[in-house]
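This report describes a protein and its ligand. It begins with the fold and then turns to the ligand site.

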Amino acid sequence: MTVLVLSGAIGAGKSSLTGMIAKELGTKAFYESVDDNPVLPLFYADPSKYAFLLQIYFLNTRFHSIKAALADDNNVLDRSIYEDALFFQMNADMGRANQTEVAIYKDLLANMMQEIKGMPKKNPDLLVHIDVSYDTMIKRITKRGRSYEQIKTDPTLVEYYKNLLKYYGPWYDHYNYSPKIRIDGDKYDFVENPADRKIVIDQIEDKLHEMGKL
Ligand SMILES: Nc1ncnc2c1ncn2[C@@H]1O[C@H](COP(=O)(O)OP(=O)(O)OP(=O)(O)O)[C@@H](O)[C@H]1O
Ligand SMILES: Nc1nc(=O)c2ncn([C@H]3C[C@H](O)[C@@H](CO)O3)c2[nH]1
């Protein structure tokens, strides 16, 4: 049983690469709830009002996916639960959550992580992190076109996205729940270019070989 999780900023290419890895390795893909997420558009319209609710929503849906993915055999998840705290900490630091919400969220997250520790498989086998610059991130967000994520319609998102990248650097450096690998999302156009896709998939497979997981 091998479980891979993807990480990276908004629009980094996690969902795209998740699908490619699942196809290549013949594993099942688990995607975070976006298009069916009733809170996400509300959050982008009024972050202070909905930051806490969105975080609870994501934590709950991610926990469902993790329970399914860690119980089953070979799986790949398009975002790790370890990034949830990063998002909430950043939103809290930006004044979008009060101290009571922060305390309740942290306690609930710790409680859920405790449950995960009790599962037969506690941690993923490999974290695949996609690194992107601000310019690439914006290009991809624009290309994907979710209306509420566009900086043209909401210029305050420039600060939000730049801030997110600032939080991701140290987050990746400190991540130690499993082996990890960094993919250069600026360099490799693994969506449009088959040669780049092969390079990226090879990097992941080489790492799995090295770990004795392939
Ligand atoms: N390496 C890449 N080269 C070219 N286009 C890419 C690349 N990665 C992603 N894209 C494109 O960028 C957009 C965002 O990709 P995707 O939805 O996979 O990102 P994500 O990391 O899952 O985003 P989110 O965090 O919002 O869920 C899509 O339109 C996708 O086709
Ligand atoms: N606030 C907040 N907390 C999270 O834990 C979180 N996880 C994902 N997202 C947002 C980013 C993309 O717009 C969209 C798809 O990733 O959902 C989050 N937003």
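## Order of elements

From the N terminus on, the protein runs β-α-β-α-α-β-α-α-β-α-α-β-α. In total there are 8 helices and 5 strands, where helices (H or I, at least four residues) and strands (E, at least two) are DSSP runs numbered from the N terminus. The radius of gyration, taken over C-alpha atoms, is 17 Å, close to the 17 Å of the globule rule for 214 residues, so the protein is as compact as a globular protein of that length. That rule is 2.2 Å times the number of residues to the power 0.38.

## Basis of the model

This is a predicted model, in which local features need pLDDT of at least 70 and side-chain atom pairs count only at pLDDT 80 or more, while totals for chains, interfaces and linings use all residues. Residues are numbered from 1 along each chain as its sequence is written, chains are lettered from A and ligands numbered from 1 in the order in which they are written, and side-chain values use heavy atoms, with hydrogens and water left out.

## Surroundings of ligand 1

Ligand 1 is surrounded by 18 residues, the closest being Lys 14, Ser 15, Ser 16, Arg 144 and Asp 189; a residue counts as near if one of its heavy atoms lies within 4 Å.

## Polar contacts

An oxygen atom of ligand 1 lies 2.9 Å from a polar backbone atom of Gly 13, and an oxygen atom of the ligand is 3.0 Å from a polar backbone atom of Gly 11. A polar side-chain atom of Asp 189 is 2.8 Å from a nitrogen atom of ligand 1.

Notes: A polar contact is a pair of N or O atoms within 3.5 Å; within protein, one must be able to donate a hydrogen and the other to accept it, and residues adjacent in sequence count only if both atoms are side-chain atoms.
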